[in-house]
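Visitor: I would like to learn how to read a structure feature by feature. Could you take me through one, starting from the overall fold and ending with single residues?

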Amino acid sequence: MTNAQPKKSDLGVRVASAVVMVTVAGTALWLGSWVWTAFVALVALGVLWEWRGLTIEFHHRTMWNLAGLVYVFVAAGTLWQLRLDDGISLSLSLILVIIATDVGAYFSGRTFGGPKIAPKISPSKTWSGLIGGMLAAGIVLFLTFPRLCYDNCPTDPIIIWTKDWRSIALDFPWSDFVFVFGVGALIAVVAQSGDFFESWMKRQAGVKDSSSLIPGHGGLLDRVDGLLAVLFCIGLFSLLVYLYGIA
């Protein structure tokens with residue numbers, strides 16, 4: 001009898017791909033200008049290509065593709081505008097919050113387990129994972145959000161990890177902490193909703209990943225689903241503020 005071969009781990013491939021992704025995205029964010037514009041445009045086109053592939057068998061396919069165009073265009077435009085208007089700090093803060101959501105949800109879900117949120121859509125996601133993601137997002141947003149430091153705001157985004165920045169953070173009023181923590185938790189909920197939405201699309205399409213573009217990680221849409229949802233909501237809110245002057 002032939003012994004079954006153990007499944008080869010793809011951890012090395014996943015790590016290498018993650019390093020490349022972070023390096024490319026970080027470099028584009030740091031350089032800004034036309035490099036950032038080109039990077040955002042290429043990612044948006046890649047996501048739209050994957051969206052089209054997922055919806056190829058959907059009913060009302062044209063409407064789905066139109067919705068995808070609006071969804072991705074608003075999200076990509078918001079990300080591009082954040083870098084243009086606020087420099088690196090705010091964009092970096094938002095990206096770190098999304099990463100914190102995923103990491104917090106993963107480790108909290110693995111540690112505590114418990115009831116599933118929507119097992120028919122995403123069997124691995126639990127309520128404990130969502131809570132962990134919300135807590136992590138709230139903490140990271142508080143520690144990295146540049147606009148709350150008022151007149152003492154550091155101009156260099158790297159300083160957010162220094163002792164001086166932590167001392168500034170500790171001087172914030174309690175009400176500010178509660179507000180920013182709540183915003184971070186809300187961002188985590190929106191990000192997880194975007195994750196669920198993409199999972200639902202993949203189940204409807206009968207596929208595991210949006211594509212095989214990124215070795216060990218699936219497609220672009222698999223990696224930015226949560227960020228897309230958050231950016232789309234920020235873009236809509238900004239549009240409402242612009243049109244109706246609400247704030």
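Predicted model: local features only at pLDDT ≥ 70, side-chain atom pairs only at ≥ 80, totals over all residues.

Guide: What follows goes from the fold to a helix pair, then to salt bridges, the surface and the backbone.

Visitor: How many of the residues count as buried, and how much of the accessible surface belongs to carbon and sulfur atoms?

Guide: Of the 247 residues, 38% count as buried, while the accessible surface comes to about 15000 Å², with 69% of that area belonging to carbon and sulfur atoms. As for contacts, among those with a separation of 6 or more, 68% are between residues 24 or more positions apart.

Visitor: How should I read a helix pair, for example α3 and α4, and at what angle do their axes cross?

Guide: One reads the distance between the axes, the angle and the hand of the crossing, and then the residues that make the contact. Helix α3 (residues 61-112) and helix α4 (residues 127-144) have axes that come within 6 Å and cross at roughly 145 degrees, and the crossing is right-handed. On the α3 side the contact is made by residues including Ser93, Leu96, Val97, Ala100 and Gly104, and on the α4 side the contributors include Gly129, Gly132, Gly133, Ala136 and Ala137.

Visitor: How many salt bridges does a search of the whole structure find?

Guide: The search finds four.

Visitor: Are Asp195 and Lys125 buried or exposed?

Guide: Buried means under 20% relative accessible area. Asp195 has 14% and therefore counts as buried, and Lys125, with a relative accessible area of 17%, is buried as well.

Visitor: Which residue forms a salt bridge with Asp209?

Guide: The partner is Lys208, with the closest N and O atoms 4.0 Å apart. Here Asp209 counts as partly exposed at 29% relative accessibility, whereas Lys208 counts as exposed at 70%.

Visitor: What does Ser199 touch, and is Ser199 buried or exposed?

Guide: Ser199, found in helix α6 (residues 174-205), is buried, with a relative accessible area of 10%. Not counting residues up to four places away in sequence, Ser199 touches Ile121 and Ser122.

Visitor: Turning to the surface, which residues form a nonpolar patch?

Guide: The patch is formed by Leu236, Leu239, Leu240, Tyr242, Leu243 and Tyr244, which together have about 680 Å² of accessible area. Of these, Tyr242 is found in helix α7 (residues 220-244) and counts as exposed because its relative accessibility is 68%.

Visitor: Finally, how do I read the backbone angle phi, and what is the value for Ser33 and for His60?

Guide: The general idea is that most residues other than glycine have a negative phi. Ser33 has a positive phi near 50 degrees although the residue is not glycine; Ser33 is placed in helix α2 (residues 33-54) and is exposed, with a relative accessible area of 57%. His60 likewise has a positive phi, about 55 degrees, and lies in the loop between α2 and α3, where His60 is exposed with a relative accessible area of 64%.

Notes: Residues numbered from 1 in each chain as written. Heavy atoms only, no water. Patch = residues over 30% accessible without salt bridge, like charges linked within 9 Å, V, L, I, M, F, W, Y side chains within 5 Å. Areas by Shrake-Rupley, 256 points an atom, 1.4 Å probe, with all protein chains shown as cover. Salt bridge = Lys/Arg side-chain N within 4 Å of Asp/Glu carboxyl O. Helix = DSSP H or I, 4+ residues; strand = E, 2+ residues; numbered from the N terminus. Buried < 20%, exposed > 50% of the residue type's maximum accessible area, 1.4 Å probe, protein only. Axes fitted to C-alpha atoms, helices over the stretch in contact; angles between N-to-C directions. Left-handed = near helix turned anticlockwise from the far one by under 90°. Contact = heavy atoms within 4.5 Å.
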